[in-house]
Amino acid sequence: MSSTSKRTPLAATHELLSARMMEFGGWHMPVQYQGILQEHKTVREAAGLFDISHMGEVFVSGPGSELFLNTLLTNDVRRLPVGGGQYTLMLNEGGGVLDDLLCYRIESEHYLLIVNASKIDEDFAWIRSHASHFEPSVQVENQSPLWAGLALQGPKSAAIMQRLFPQIDERGQPSASLLPARNTIVSLPVANGPLLVARTGYTGEDGFECFCSSQSAPFWWDLILKTGEPEGAVPCGLGARDTLRLEAGFPLNGADLSPEHTPLEAGLGAFVSLQKGKFVGRDSLLTQKETSIPTKLAGLRMDGPTPPPRAHYPVLFNGERVGETCSGSLSPTFGLGIALAYLPSQLAAFGQKVAVDIRGRQFPATVSPRSILKHKP
Amino acid sequence: MNVPTDSLYATSHEWLRRDGDTAVVGITDHAQHELTDVVYVELPAVGTHVSAGQQICVVESVKAASDIYSPAAGTVEAVNESLSNSPELINTDPHGDGWIFKLRLDAGADLAHLKTPEEYSAQLGQS
């Protein structure tokens, strides 16, 4: 363990469970407990619990916050009702991606931004510097050290959460669910609150991301796992989180997203509202849209059994290097190598044949939908 | 960790079980545990000649690709084809069904640099 690694409130819990620990984005995190393949399978078939306390919680409040966030983020915050959440991006002036995040409207003038662990300080500085033009009608607060995050993911996660938070009517009968709908967040009335529960995730499965105080994290961790025992819920590490998100075609900032590429290149145009008015990076995106989008983030599938593709393997077309993989793995669900790579736009169409260079040998691959989960082979 | 007494060991965590002029090679129980789930084995080509300590093939887990080194000088006489479809044999039976290749040892091949089971166990104890 690097002495500079930060520990989440659950680090001791992971060590007690004999998790294999690694450094990720400056954090001391579990990579696996029983094994990546088994944890991956359990999330696809039942449910798995992840520590996501390393992620950042930045609150934006005040009467100017809607206007402010709409000038800072790519998606249209005005579309969010209270309790609504949306995936969105924060760009530099050139349109390059600084971070991808989730923006929740907790109250009408109170927003929660969930940002990537390795970007908390940079993001906060960037958000604050832009918020200074909106003072005093906007306040920004980095509350990351106060919060912990637990993600319960998998088809059985709703049943587990339902049992954990039963809604009982005045006659003692089960009634309407307390649980949030997809892409929304609720504050659950619990004794050792706060507890914010969002119906979101990074695995391609139904699931919940629960945000609680750092002190209460071990309590919720143990309670969720114990409640999920009948469904076979197990603790899962970042290894499975990475293979799960890659099968779902979700990009990872720092690997698939970077200031070198715009969200239009990354295929995230659905989360960019060019019509809503000015926001940081918009002019560059408009120019790119009017002229040309040079590269596109393509999903690759290996044709047949190959060594697993990994990040930074060259991608070739007609023997010429046309790009490199930014993420890659064996898909545990389908037993097939999958990868993401920025390719020249003309080579990014589905069905395009390319090759991936793995240790000097070329293996054929096909440009395919990025989610192998939704578009099964 | 299982350290069978019928084998010799390389510092880089391969085992070698000698039978006359030939020897079977695999990776140790400790190595498979460190690698975690093995998902791909790039087997060496039969007929390849290697010297002791030379990189000969690659074993890949979900997270990483690891080079495997030949513990002795010789010519690859056979490879474990079962690993193509069942790479997990390296995890489930690293010293048995998870063997990787068989060498015909060079005449006078020197095995003195390899560790005894006791020495290898001591190495694991220190790491």
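Predicted model: local features only at pLDDT ≥ 70, side-chain atom pairs only at ≥ 80, totals over all residues.
Figure 1. The side chains of R245(A) and D256(A) meet in a salt bridge, 2.8 Å from N to O. The pair links distant parts of the chain. R245(A) sits in helix α7, while D256(A) lies in the loop between α7 and α8 (282–290), 11 residues apart.

**Figure 2. Salt bridges of D206(A).** D206(A) forms a salt bridge with R199(A), and the closest N and O atoms are 2.8 Å apart. R199(A) is buried, at a relative accessible area of 16%, because buried means under 20%. D206(A) itself counts as partly exposed, at 25% relative accessibility. The side chains of D206(A) and R182(A) also meet in a salt bridge, at 3.9 Å from N to O. D206(A) belongs to the loop between β12 (195–198) and β13 (207–213), and R182(A) to the loop between α5 (157–164) and β11 (185–187), so this pair ties together parts that are 24 residues apart in sequence. R182(A) is partly exposed, with 43% relative accessibility. Over all chains, the salt bridge count comes to 20.

**Figure 3. The buried side of helix α6 of chain A.** Helix α6 spans residues 217–227. Its buried residues are A217(A), W220(A), W221(A), I224(A), L225(A) and T227(A). They cover an arc of only 165° around the axis, which puts them on the same side of α6(A). An α-helix has 3.6 residues a turn, so residues three or four places apart point the same way.

**Figure 4. The interface of chain A and chain B.** Here 16 residues of chain A are in contact with 14 residues of chain B. The two chains bury about 1,300 Å² between them, 51% of it on carbon and sulfur atoms. In chain A, R20(A), R310(A) and R359(A) lose the most area to chain B, together 41% of what that side buries.

**Figure 5. Polar and charged pairs across the interface.** Between chain A and chain B there are 11 residue pairs in polar contact. On the chain A side, β3 (27–32), α2 (36–45), α7 (238–248) and β17 (320–331) are the elements that give two or more residues. By class, that side has six nonpolar, six polar and four charged residues. Four salt bridges cross the interface. In one of them, the side chains of E42(B) and R361(A) meet at 3.7 Å, N to O.

Note on methods: Residues numbered from 1 in each chain as written. Chains lettered and ligands numbered in written order. Heavy atoms only, no water. Contact = heavy atoms within 4.5 Å. Buried area = accessible area lost by both parts, 1.4 Å probe. Polar contact = N/O pair within 3.5 Å; in protein donor to acceptor, adjacent residues only side chain to side chain. Helix = DSSP H or I, 4+ residues; strand = E, 2+ residues; numbered from the N terminus. Nonpolar A, V, L, I, M, F, W, Y, C, P; charged D, E, K, R; others polar. Buried < 20%, exposed > 50% of the residue type's maximum accessible area, 1.4 Å probe, protein only. Arc of directions from axis to C-beta.
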